[in-house]
Amino acid sequence: MSYNGAAIIAMCGKNCVAIASDLRFGINQQQTTAVDMKKIYKIHDHLYVGLSGLATDQMTLAQRFKFRHNLYKLRENRDMQPETFANVVSNILYEKRFGPYYAEPVVAGLDADGNPYITGMDLIGAMASTDSFVVCGNNEESLFGVCESMYKPDLEPEELFEVIAQCILAGVNRDCLSGWGGVVHVISKDKLITRTLKGRMD
């Protein structure tokens, strides 16, 4: 799970949700191969999934998730709700429980009423829904520490961006397998804010 390195945080705000990840892509816990690795994937305008773990499995799962959502949209003629999508993700992972994908997803999105929904999972799809924040990656302990210190409920989109940006930067500074800046998506009912963060590059 720590072969390529990753750090992902999702947070709930007031009628908004944010998801952030680092950008480093490493090999065998030693070599930094790329500094623009995409770890957060868009499912639709109000739903994103972040994947930590083995990079090849991340890409495979991202394609399968998008495929399942497209099938659902063709059949139902509407976008999948975040909770429904989280159950689909959990199901896909649990199917392969005897030879699992080495990836841990974080689902973040807004439902039809604009309420935030976030959940984390382990590699066989056991969900842990919450109304505050979830983290995954190599350095979960330090990410949990900064999130517990900085997070407050009912933050507005701009405040939520500041909090999650500081959390991801402070968290990856205490981990040598993730870092090299980050990217933050803040999803609200009527707009999406995406910003790239500049961090330590060592």
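The buried residues of helix H4 pack against strand E1 (7-12), strand E2 (16-22), helix H3 (140-150), strand E11 (182-188) and strand E12 (192-197), where contact denotes heavy atoms within 4.5 Å. The model is a predicted one, in which local features need pLDDT of at least 70 and side-chain atom pairs count only at pLDDT 80 or more, whereas totals for chains, interfaces and linings use all residues. Residues are numbered from 1 along each chain as its sequence is written, and side-chain values use heavy atoms, with hydrogens and water left out. Helices (H or I, at least four residues) and strands (E, at least two) are DSSP runs numbered from the N terminus.

Helix H4 comprises 16 residues (157-172) and spans 22 Å from its first C-alpha to its last, close to the 22 Å expected at 1.5 Å a residue; the expected span is 1.5 Å times one less than the number of residues. Its buried residues include Pro157, Leu160, Phe161, Ile164, Ile168 and Val172. Burial is defined as under 20% relative accessible area and exposure as over 50%, with partly exposed in between (1.4 Å probe, protein chains only).

In the largest nonpolar core, which has 42 residues, Ile9, Met11 and Ile19 touch the most other members. Two or more residues each are given to this core by E1, E2, strand E7 (103-110), strand E10 (133-137), H3, H4, E11 and E12. H4 supplies the largest share, nine residues. Another core, of 21 residues, lies apart from it and has Leu51, Ala62, Met80 and Phe85 among its members. A nonpolar core is a set of buried Ala, Val, Leu, Ile, Met, Phe, Trp, Tyr and Cys residues joined through side-chain atoms within 4.5 Å.

Cys16, in strand E2, is buried, with a relative accessible area of 0%. Leaving aside neighbours within four places in sequence, Cys16 is in contact with Leu110, Pro116, Leu155, Glu156, Pro157, Leu160, Ile187 and Ser188. Its C-alpha atom is separated by 7.0 Å from that of Val186, 170 residues apart along the chain. Asn139, in the loop between E10 and H3, is also buried, at 5% relative accessibility. Not counting residues up to four places away in sequence, Asn139 touches Ala6, Ala7, Gly171, Val172, Asp175 and Ser178.

Helix H2 (residues 82-95) has 14 residues and reaches 20 Å between its first and last C-alpha atoms, close to the 20 Å expected at 1.5 Å a residue. Among its buried residues are Phe85, Val88, Val89, Ile92 and Leu93. The cover over the buried residues of H2 includes strand E5 (40-44), strand E6 (47-53), H1, E7, strand E8 (116-121) and strand E9 (127-130).

The structure holds six salt bridges, each a side-chain nitrogen of Lys or Arg within 4 Å of a carboxyl oxygen of Asp or Glu. One of them joins Asp22 and Lys39 (2.9 Å, N to O). This pair links distant parts of the chain, with Asp22 in strand E2 and Lys39 in the loop between strand E4 (31-34) and E5, 17 residues apart. Asp22 and Lys39 are both buried. In the salt bridge of Asp79 with Lys73, the closest N and O atoms are 3.3 Å apart; Asp79 is partly exposed at 29% relative accessibility, and Lys73 is partly exposed at 41%.
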